[in-house]
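Here are my notebook entries from an afternoon of looking things up. Take a look along with me.

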Amino acid sequence: MTDPDSADQAPMPLRIGFVPGVTPDKWSRTWRERFPRLPLELFLVDEDNQRAVLDDGEADMVFVRLPVDQDGLHLIPLYEEQPVVVVEKEHPVAAYDEVTLSDLAGEQLVLGDVPGWGDIATATPLLFPEMTVKEAFEVVGSGTGIAIVPMSVARLHHRKDVVHRPVHGVPTTRVGLAWPQDTDDPRLEEFVGVVRGRRANSSRGQTGLQPAAAKSAAKKNPVGKASAKPAAGRSGSGRSAGTSGSARKRSGRSGSAAAKKAGARKRRR
């Protein structure tokens with residue numbers, strides 16, 4: 001495999017997909033600081049296609065929202081997301097800090113995968129067409145129904161005519177990092193280290209990639225070259241020579257002064 005850190009060629013970018021609501025900025029900043037010569041490409045992936053972009057080779061890794069088919073994938077769970085209900089800003093729910101799922105039983109669910117919703121819903125469901133999250137929030141803003149989504153998604157698509165509140169009784173969702181098991185690329189392991197918060201040099205020996213700071217240190221003090229230190233004898237003789245020279249200068253000044261005094265005594269005589 002070609003070393004992606006080789007200076008002889010422009011490396012291909014490490015392609016990282018992420019589903020709506022995930023914010024990979026902090027990890028991308030760390031990557032660019034640590035490996036400035038290894039380009040990183042981030043792009044948004046629709047949740048319905050989060051597995052497909054890996055299977056088709058369009059992405060090297062993807063921040064996915066579970067559940068996802070994990071067959072043939074490495075997957076690291078990262079964090080859980082709080083579910084919220086999105087309502088029109090004048091809706092009674094807006095007056096509360098949080099609600100339970102049973103409090104919403106009489107509402108029209110415009111968007112949301114809510115287990116057991118059919119068992120508790122008391123309103124005759126309307127047949128909504130398939131729509132995007134943005135379109136669903138527009139419907140919610142009109143006062144026609146509600147949406148139940150992860151908090152990160154609600155924040156991403158926030159509108160002035162809607163509010164969101166935490167809802168209890170709905171399972172949390174999880175975000176993870178996934179990549180194909182048959183991929184042999186040391187950059188993937190390094191990116192996993194960045195996401196997990198490893199220090200810059202913790203995996204350098206395993207992947208062969210050197211962070212920028214480590215490269216700079218290696219250039220300043222290459223392995224196999226000892227730091228130059230003055231020999232004890234030279235240092236001592238140098239100091240002795242300097243001291244002797246100073247002593248000679250002081251001695252010369254003293255002799256000159258004595259000669260002037262002797263000349264002055266002769267003239268007085």
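I began with burial, and Arg-187 counts as buried because its relative accessibility is 8%. My cut-offs: buried means under 20% relative accessible area, exposed means over 50%, and partly exposed is in between (1.4 Å probe, protein chains only). Asp-185 is buried too, at 13% relative accessibility. The side chains of Asp-185 and Arg-187 meet in a salt bridge, 2.7 Å from N to O. I call a pair a salt bridge when a side-chain nitrogen of Lys or Arg is within 4 Å of a carboxyl oxygen of Asp or Glu.

A note on the source: this is a predicted model, where local features need pLDDT of at least 70, side-chain atom pairs count only at pLDDT 80 or more, and totals for chains, interfaces and linings use all residues. Residues are numbered from 1 along each chain as its sequence is written, and side-chain values use heavy atoms, leaving out hydrogens and water.

How many salt bridges does a search of the whole structure find? I got 8. Side chains of opposite charge can pair when their charged atoms come close.

Next I looked up Arg-198 and Glu-189, whose side chains form a salt bridge at 3.1 Å, N to O. Arg-198 counts as partly exposed at 26% relative accessibility, and Glu-189 is partly exposed at 29%.

Then I turned to Arg-65, which forms a salt bridge with Glu-81, with 2.8 Å between the closest N and O atoms. Arg-65 sits in strand β3 (residues 61-65) and Glu-81 in strand β4 (residues 73-81), so the pair ties together parts 16 residues apart in sequence. Helices (H or I, at least four residues) and strands (E, at least two) are DSSP runs, numbered from the N terminus.

My last stop was strand β5, where I found Glu-88. Which residues does Glu-88 touch, not counting those up to four places away in sequence? I listed Val-140, Gly-141, Gly-143, Asp-161, Val-162 and Val-163, where contact means heavy atoms within 4.5 Å. The C-alpha atoms of Glu-88 and Val-163 are 6.3 Å apart, although 75 residues separate them along the chain.

Glu-90 is in the loop between β5 (83-88) and β6 (99-100). Is Glu-90 buried or exposed? Glu-90 counts as exposed, because its relative accessibility is 62%. Its C-alpha atom is 9.5 Å from that of Gly-141, 51 residues away along the chain.
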